[in-house]
Amino acid sequence: MHLRPSERISIGQRPLSQSRGFVTDLVSLAQTFPLFPVDIELQLSEVAKYRSEVAPRIGWSAIFLKAYGHVASLLPELRSWFSRGFRPRLITASQSVASLAVNRNDYDGDHLFFAKIPSPNLLSLIDIQKYIDYCNQAAPEEVFKRQLQLENLPSLLRRLILWQNINSRSSKRCTRVGTFSLSTLAGMGVSNHGHPTICTTSLSFTPLDPDGWCRVTLISDHRVLDGVTAAKALSLLKHTLSTSIVDELRNLKCRSGCLQNDSHEDAA
């Protein structure tokens, strides 16, 4: 039995946009990384409780960025990267720089940007959230100027620059690539487990289920670290979320309550 379309099928073509070309180049380079995922199930009901009581709102990305930044301050491997060359090297930075995937729809479709956040473990949750909001709302030409310039280059030149940045032994590698990344679709109610990355480690997390459980995935470069270190990093992440992050959210809650009481007294 043969089924035929009722009408003749037509096709259309359009050039690859500069933004899609940039992502294509990143994915092609990421395929050269021997990446492996490690998962952990985290109970985050307490974090969610205090987060819901804080004003202004603190997003989950800000929480995970700060918590993982703290973990990276304890484990040098998470601040390291593999550098190719005649004599390959492992380079370690003194501080982390997070690379956060930010999707914007300001142009003729989705546009994926990468915001760099130096030393997220040393920033407050409020400051991290303010910067994330800025990256989502400000003009892309203002926030992501360098990436847009890179996207406008011919593909071969762009790939060469990206390759040099990835394998650089300079501190500029941290600000141009990042030491770790975070990519999540939890805000849309779904999860991503196998996203490509050009950082040594990349974090992702699922939406919380009704009982407060969340699956966190750490994607790692096997040239830099092994599964034991990735497991240790997730264990430390669990501890950090349930201690220092909860403490900061609790303090923010108390501060918010004091400010509201002061405003009521002024109004009276």
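For the classes used here, Ala, Val, Leu, Ile, Met, Phe, Trp, Tyr, Cys and Pro count as nonpolar, Asp, Glu, Lys and Arg as charged, and the others, Gly among them, as polar. The model is predicted, with local features needing pLDDT of at least 70 and side-chain atom pairs pLDDT 80 or more, while totals for chains, interfaces and linings use all residues. Residues are numbered from 1 along each chain as its sequence is written, and side-chain values use heavy atoms, leaving out hydrogens and water.

A cavity is a set of points on a 1 Å grid over the protein atoms alone where a 1.4 Å probe fits but cannot get out, and its lining residues have an atom within 4 Å of a point. Points are joined across faces, edges and corners, and volume is the space filled by probe spheres set on them. The count is 1 cavity of 30 Å³ or more. The lining of the largest cavity has 4 nonpolar, 1 polar and 3 charged residues; among them are Phe33, Trp81 and Ile166.

Ile166 is buried in H7, as are Arg158, Leu162, Asn165 and Asn167, where buried means under 20% relative accessible area with a 1.4 Å probe, protein chains only. Strand S2 (80–83) is one of the elements against which the buried residues of H7 pack.

Serine 83 lies in strand S2 and, at 0% relative accessibility, counts as buried. Leaving aside neighbours within four places in sequence, its contacts (heavy atoms within 4.5 Å) include Pro88, Asn167 and Arg169.

Technical notes:
1 Å grid on protein atoms, 1.4 Å probe; cavity = no way out; pocket = protein on both sides within 12 Å on 5 of 7 lines; lining within 4 Å. Buried < 20%, exposed > 50% of the residue type's maximum accessible area, 1.4 Å probe, protein only. Helix = DSSP H or I, 4+ residues; strand = E, 2+ residues; numbered from the N terminus.
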